[in-house]
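Me: I've got a model open and I'd like to learn how to read its packing. Can you walk me through it?

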Amino acid sequence: MAYHAWFAAQDNPDERYPLTDVVYYSRSGGLLEVQHNMDALRERSASEWKDLFESRWMRTSWPYGSGVWGKKEWICPIVDDKNIVSMFEGGTNLFWAERFGREIGVDDLWIKMCGNSHTGSFKDLGMTVLVSVVRQMISDGKPIRAIACASTGDTSAALAAYGAAAGIPTIVFLPKGKVSIAQLVQPVAHGALVLSLDTDFDGCMRIVREVTDNPDTGIYLANSLNSLRVEGQKTVGIEIVQQFDWDVPDWIVIPGGNLGNTFALGKGLLMLHELGLITKLPRIICAQAEHANPLYRAYKNNWQYESIQARSTAASAIQIGSPVSINRAISMLQRFDGIVEQANEQELADAAARADRTGAYACPHTGVALAALIKLIDRGVVRKQDRVVVISTAHGLKFSRFKVDYHENQLREVVSNHANPPLELAADVDQVRRTIEQHMIAVTPS
Ligand SMILES: *Cc1c(COP(=O)(O)O)cnc(C)c1O
C-alpha cells in the first residue's frame with residue numbers, strides 16, 4: 001500500500017483535495033486538515049518505525065537527517081525528494097534543566113530548545129514542509145509566482161529563508177514596530193518583499209488573506225491556517241518522545257498565540273499513539289501572555305471563546321487576539337486533559353531572567369511558558385516528581401532588546417527583580433579590586 005496524504009475538510013472527511021492544490025478552506029469555509037493513509041502506515045510495526053526513525057536521526061543522508069524529513073512518511077509523502085527544501089531543521093537539544101527545576105520545585109524538568117534552529121525559532125519545522133510542497137507544485141507546472149505570509153516575526157523569517165534557499169520569491173506582512181529588530185532584518189537579508197503595515201498581527205492577517213484569496217494572483221498563502229505547516233510542526237512532540245527513548249513525559253508546556261502549534265503538538269502525539277509507538281499521552285499546558293489571552297479566557301469560561309483586542313506584550317510572537325486555530329486547539333486540548341495558564345509581563349520577564357541565571361537563555365515566549373509552569377507547581381497541579389518538558393520556541397538572541405531593557409529596568413510594567421546591569425568603572429585597579437570583593441560577598445557557588 002502506498003503512503004499518501006491529502007487535505008480533508010474538518011467537518012466532512014469525504015471532501016478531499018490534493019496537497020498540491022491551491023486551496024485553504026473547505027466548501028463550508030472551515031479549515032482543511034492533512035490526513036494520512038493510516039492503513040499504509042500500519043503496515044510497519046511500531047518497533048520498525050522506531051528503528052527506521054533512529055537510523056535516520058541527525059545523519060547527513062539527505063534529506064532524512066532532518067528532524068522533519070526523517071519522518072517523511074508521516075509528514076508529507078507526496079513530495080519528491082528532489083523538491084524538498086530543507087536546512088536540517090529539528091533535532092534540537094532537549095536538556096535537563098536541573099538547577100532551574102530544583103529552584104521552582106520539580107526534579108525532572110527538561111527544556112526543548114526549538115530556537116536552536118536555522119532561523120532561530122520552531123517555525124522552521126513547518127516552513128520546510130510548506131515550501132517543499134510549493135516547489136513540488138511549481139515543478140508540476142502550477143503558476144505560482146510567490147509565497148506570502150502575515151507574521152509576528154518568526155514565520156516571516158522562516159518563510160524568507162526557505163524561499164531564498166529554493167529560489168522562490170516571498171512577501172511578508174509585518175505589524176509595524178511590533179517585531180524585534182532581529183526578526184525584521186531576517187526577511188530583509190533574505191531578499192523578501194517586506195511590507196511593514198501600520199496595524200497589528202490580526203490586521204496583517206486580514207490583508208494577506210484578501211491578497212491571496214484569488215488563486216489567479218499566483219501568490220500562495222503560508223500562514224498556519226495552511227495545514228501543511230502543521231504537518232512539520234507536529235514533529236516537535238514526536239521528537240521529544242524519541243529523545244526520551246520513546247518514553248512519554250507527564251507534561252508538555254507550550255506558549256500559544258495563533259494556536260497552530262498547540263494543535264500540531266497534539267496531532268503528532270496522537271499519531272504516535274495511533275500507530276502504537278506510545279501507549280499513554282502526556283497532559284498539555286498551553287501558556288498565554290495575559291495581554292493576549294483569548295484561549296485562557298475561553299478555558300476559564302467553559303471553553304466559550306470570544307476574540308479580543310490583544311495588547312502589547314514583550315512576548316510579541318504570541319500577541320494575537322483572534323487565533324486562527326482556536327477551535328482545533330480547543331478540541332485538541334480537551335483530548336489531552338489540557339490546561340491553559342497565563343503570565344503577566346512581570347511574571348514572564350522574571351521567569352525568563354531566572355532561567356537565564358541557571359544557564360538557559362529564554363526568549364519572552366519561553367518566559368511565558370516557564371511562568372505558567374511555576375504557577376501550576378505552586379498550586380500543586382504539577383507535582384515535584386513529574387517529568388515536565390517546556391518547549392522553548394525561539395532563540396533568546398532574537399530578543400536582545402527584551403533582555404537589555406530588562407537588565408536596565410526599562411521594560412514596561414516590570415520591576416526587574418533579577419537585573420544584572422554592567423558596572424561602569426574607571427580604569428583603576430584599586431577600584432576594580434574593591435568592586436570585585438564587594439560583589440564576591442554577595443555571590444557563592446550553589
Ligand atoms: C509562533 C510562535 C509561538 C506560538 O505559536 P502559535 O502556533 O502561533 O500558537 C510561540 N513562540 C514563538 C517564538 C513563535 O514564533
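What follows is a short chat about cores, a helix pair and one arginine.

Reply: Two ground rules. This is a predicted model, where local features need pLDDT of at least 70, side-chain atom pairs count only at pLDDT 80 or more, and totals for chains, interfaces and linings use all residues. Residues are numbered from 1 along each chain as its sequence is written, and side-chain values use heavy atoms, leaving out hydrogens and water.

Me: Which residues have the most contacts inside the largest nonpolar core?

Reply: A nonpolar core is a set of buried Ala, Val, Leu, Ile, Met, Phe, Trp, Tyr and Cys residues joined through side-chain atoms within 4.5 Å; buried means under 20% relative accessible area (1.4 Å probe, protein chains only). Here the largest has 102 residues, with Trp74 and Val131 having the most contacts inside it. Helix H5 (residues 124-139) gives the most to this core, eight residues; helices are DSSP runs of H or I, at least four residues, numbered from the N terminus.

Me: At what angle do the axes of H10 and H11 cross?

Reply: Axes are lines fitted to C-alpha atoms over the stretch in contact, with angles from 0 to 180 degrees between N-to-C directions. Under 35 degrees is roughly parallel, over 145 roughly antiparallel, 65 to 115 roughly perpendicular, and the rest oblique. The axes of H10 (residues 235-243) and H11 (residues 260-274) cross at roughly 55 degrees, coming within 6 Å, so the pair is oblique.

Me: And what does arginine 209 touch?

Reply: Contact means heavy atoms within 4.5 Å. Not counting residues up to four places away in sequence, arginine 209 touches Tyr25, Leu225 and Val324. Arginine 209 lies in helix H8 (residues 201-212).

How values were computed. Helices (H or I, at least four residues) and strands (E, at least two) are DSSP runs, numbered from the N terminus. Buried means under 20% relative accessible area, exposed over 50%, partly exposed in between (1.4 Å probe, protein chains only).
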